[in-house]
Every structure is written in structure tokens, then in C-alpha cells.
Amino acid sequence: MGNASPRDHLMKLLEPVVSAEGLDLEDVTVTQAGKRRLLRVIVDRDGGVSLDDVADVSQVVSAALDDANAMGQSAYTLEVSSPGVDRPLTEPRHWRRAAKRLVKAEMRDGSVVEGRVRSADESGVELDVDGADRRFDYQDLTRGRVQVEFRRFDDEDVDGDEG
């Protein structure tokens with residue numbers, strides 16, 4: 001294993017397994033939970049992840065871990081889930097999956113921009129900032145975060161009228 005961390009080792013082991021299921025491996029963490037360890041595997045894909053997807057990938061991940069004896073002999077709990085809304089947007093696929101969502105983007109120069117994701121490709125993202133589309137290259141961004149909205153932009157505007 002050399003200088004690779006246990007996380008790096010698990011990422012390298014599980015990435016092809018998760019990819020074969022049509023998902024992206026976003027993160028792996030191992031934490032101590034009493035006498036057991038908790039292994040969290042975060043997966044995602046365009047269009048989101050269903051409970052059936054989580055169940056299917058959980059089985060293949062568990063088998064791969066057992067076959068490689070990656071977690072050793074001590075007990076552990078495997079938890080497979082999709083990323084939460086607070087996951088930082090750091091990869092082009094994260095920005096693409098945030099299409100139509102309101103995001104706050106931190107720039108390398110220290111400024112912050114808030115806007116709605118219009119589109120994203122491999123080199124940058126286009127945001128609607130105050131009604132004007134602006135393009136930002138990923139090299140100019142440090143990360144972004146989806147902002148929680150209680151009323152989505154595509155909800156009908158009722159102007160206070162009911163009925």
C-alpha cells in the first residue's frame with residue numbers, strides 16, 4: 001500500500017465496483033463508532049440515486065470489501081448513501097447535477113457570487129447572477145454550495161392570491 005492512506009486504498013478498491021453499477025464514487029470515510037467502525041460510502045449519478053440503487057451498490061461494495069479483506073477482521077457497519085445538499089461543488093459533474101439550483105460560489109480571489117446554475121461543462125459553469133448569465137471557469141472557483149430554497153424558482157408565482 002506504500003504511502004496511500006486507508007481512505008485512498010478504499011477509494012481505489014471501490015471506484016471500479018461502484019462505476020460498474022453506473023454510479024460515481026464521491027467519498028469514503030471510516031469512523032469509530034463505539035467498538036465498531038462505520039464505513040460510509042457516498043455515491044451519486046446524473047438524475048440522482050434511488051433506494052434500489054443504494055441497495056444494489058451496497059451488496060456489491062460489501063462483497064468487494066469481503067473479497068479483498070479490506071476492513072480486516074474487526075466488525076464494521078457499511079452505510080451507502082447519496083451526498084447531501086451541503087456537499088461542496090468541486091467537480092464538473094457536481095456543478096452539472098446542480099442545474100437549475102441556486103448556488104453560492106467562492107472565487108479564488110476571495111469574492112463570493114450567488115446565482116442559479118444554467119449549465120456546466122468540463123471547463124466551467126454558467127450562472128444566472130441577478131438576471132444576467134455569467135460564465136465562470138472552474139480554475140477561478142474554489143468551490144460552491146447549493147443554497148436551500150423553500151420555494152423553488154420554477155414554482156408558480158401566486159402573488160399572494162389563493163383560490
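How many aromatic pairs does a search of the whole structure find? In this predicted model, the search returns 1 aromatic pair. The two rings belong to tryptophan 95 and tyrosine 138; their centres are 6.4 Å apart and their planes meet at 40 degrees, so the pair is classed as tilted. Tryptophan 95 is part of helix α3 (residues 92-97), whereas tyrosine 138 sits in the loop between β7 (132-137) and β8 (141-146), so the contact ties together parts that are 43 residues apart in sequence. Both partners are shielded from solvent in the computed surface: tryptophan 95 is buried, at a relative accessible area of 1%, and tyrosine 138 is buried at 14%. The cut-off for this class is under 20%.

An open sheet of 3 strands is present, with the strand order β1-β2-β3 and mixed pairing. The edge positions are taken by β1 (24-33) and β3 (76-81); each has a single partner strand, so one side of each is left without a neighbour in the sheet. From one strand to the next, the twist averages 15 degrees. Strands β1 and β2 (residues 36-44) run antiparallel and are joined by 9 bridges. Within this pairing, threonine 29 has arginine 40 in β2 as its bridge partner.

Most residues other than glycine have a negative phi. Asparagine 69 is not a glycine, yet its phi is positive, at about 50 degrees. Asparagine 69 is located in the loop between α2 (51-68) and β3. Its relative accessibility is 42%, so asparagine 69 counts as partly exposed. Aspartate 130, likewise a residue other than glycine, has a positive phi near 55 degrees. Aspartate 130 is placed in the loop between β6 (124-129) and β7. With a relative accessibility of 80%, aspartate 130 counts as exposed, the cut-off for that class being over 50%.

Conventions. Residues are numbered from 1 along each chain as its sequence is written. This is a predicted model: local features need pLDDT of at least 70, side-chain atom pairs count only at pLDDT 80 or more; totals for chains, interfaces and linings use all residues. Side-chain values use heavy atoms; hydrogens and water are left out. Rings of Phe, Tyr and Trp (its six-membered ring) pair if their centres lie within 6.5 Å; planes under 30 degrees apart count as stacked, over 60 as edge-to-face and the rest as tilted. Helices (H or I, at least four residues) and strands (E, at least two) are DSSP runs, numbered from the N terminus. Buried means under 20% relative accessible area, exposed over 50%, partly exposed in between (1.4 Å probe, protein chains only). Two strands pair if DSSP finds at least two bridges between them. Axes are lines fitted to C-alpha atoms, for helices over the stretch in contact, and angles run from 0 to 180 degrees between N-to-C directions.
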